[in-house]
Amino acid sequence: MPRIIRMVILGMMLTVFALTKDARSLKDKRNIARGGKVFQSSTYGYGVPQNAIDGNRASNWAQKSCTHTNRDMSPWWRLDLQKTYKINTVTITNRRDCCCKRIHLAELRIGDSPDDNGNTNPICTVISSILPGTSKTFECNGMEGRYINIVITGRREYLTLCEVEVDGEAISVDTNDKTCN
């Protein structure tokens, strides 16, 4: 077999191996946010809440992939995962083209309560900062919840999120549990 054909075959085999490895790592780290339903306190322009879970980390407003509320008092964004999960991490992508400090001191909340639009659930973290156009991952250490909220409490502000990704495992319900009557 000529050397060039062997090199082409080897290159193809390495490509298949790399694609398989990438697919495996994507499968292991599934973004459960993509299957959820989203809501926010209000909507400015084309900044609909679905933009934060569209799988696109584009961080300039003109790219039409970021959420945007009006200048609300305590603006919020909520993801309903449709069932309870153990949440490992939440990754948030901040806006690049302006206004990157708006996200500062927002609360990331996780829980099962829909009260006050989910804004009373336990806090995973308070976001001190996210650099412009970057994504930051927050460890939530298995907190359980159906709702993922990002809320800026106590001030009148715009809330803009360019992507929200959630890694977690569904909590299985044991229907054979006899401890409850």
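**A cavity, a core and a few loops**

The largest cavity in this structure has a volume of about 30 Å³. Hello everyone, and before I go on, please keep in mind that this is a predicted model. With a threshold of 30 Å³ or more, the count is 1 cavity.

So what lines the largest cavity? The residues are Asn 94, Arg 95, Cys 99, Cys 100, Arg 102, Ile 103 and Thr 160. Sorted by class, that lining is made up of 3 nonpolar, 2 polar and 2 charged residues.

Let me stay with one of those lining residues, Cys 99. You will find Cys 99 in the loop between S3 and S4. Its phi is near 60 degrees, which is a positive value in a residue other than glycine. Asp 116 sits in the loop between S4 and S5.

Now to another cysteine, Cys 66, in the loop between strand S1 (37-40) and strand S2 (72-73). Cys 66 has 0% relative accessibility, and it is therefore classed as buried. Leaving aside residues up to four places away in sequence, Cys 66 touches Tyr 46, Gly 47, Asn 51, Ala 58, Ser 59, Trp 61, Thr 160, Leu 161 and Cys 162.

In soluble globular proteins, nonpolar side chains tend to be buried together. Here the largest nonpolar core holds 29 residues, and Trp 77, Ile 87 and Ile 150 touch the most other members. Two or more residues come from each of strand S3 (76-93), strand S4 (106-111), strand S5 (123-127), strand S6 (135-151) and strand S8 (163-170). S3 makes the biggest contribution to this core, with 7 residues.

Let me finish with how some of these strands pair. S3 and S6 run antiparallel to each other, over 13 bridges. If you want a place to look on screen, Arg 78 stands opposite Asn 149 in S6. S6 also pairs with S4, again in the antiparallel sense, over 5 bridges. Over there, Glu 107 has Val 151 in S6 as its bridge partner.

How values were computed
Residues are numbered from 1 along each chain as its sequence is written. This is a predicted model: local features need pLDDT of at least 70, side-chain atom pairs count only at pLDDT 80 or more; totals for chains, interfaces and linings use all residues. Side-chain values use heavy atoms; hydrogens and water are left out. On a 1 Å grid over the protein atoms alone, a cavity is a set of points where a 1.4 Å probe fits but cannot get out, and a pocket is an open set with protein on both sides within 12 Å along at least five of seven lines; lining residues have an atom within 4 Å of a point. Grid points are joined across faces, edges and corners, and a volume is the space filled by probe spheres set on the points. Ala, Val, Leu, Ile, Met, Phe, Trp, Tyr, Cys and Pro count as nonpolar, Asp, Glu, Lys and Arg as charged, and the others, Gly among them, as polar. A nonpolar core is a set of buried Ala, Val, Leu, Ile, Met, Phe, Trp, Tyr and Cys residues joined through side-chain atoms within 4.5 Å. Buried means under 20% relative accessible area, exposed over 50%, partly exposed in between (1.4 Å probe, protein chains only). Helices (H or I, at least four residues) and strands (E, at least two) are DSSP runs, numbered from the N terminus. Contact means heavy atoms within 4.5 Å. Two strands pair if DSSP finds at least two bridges between them.
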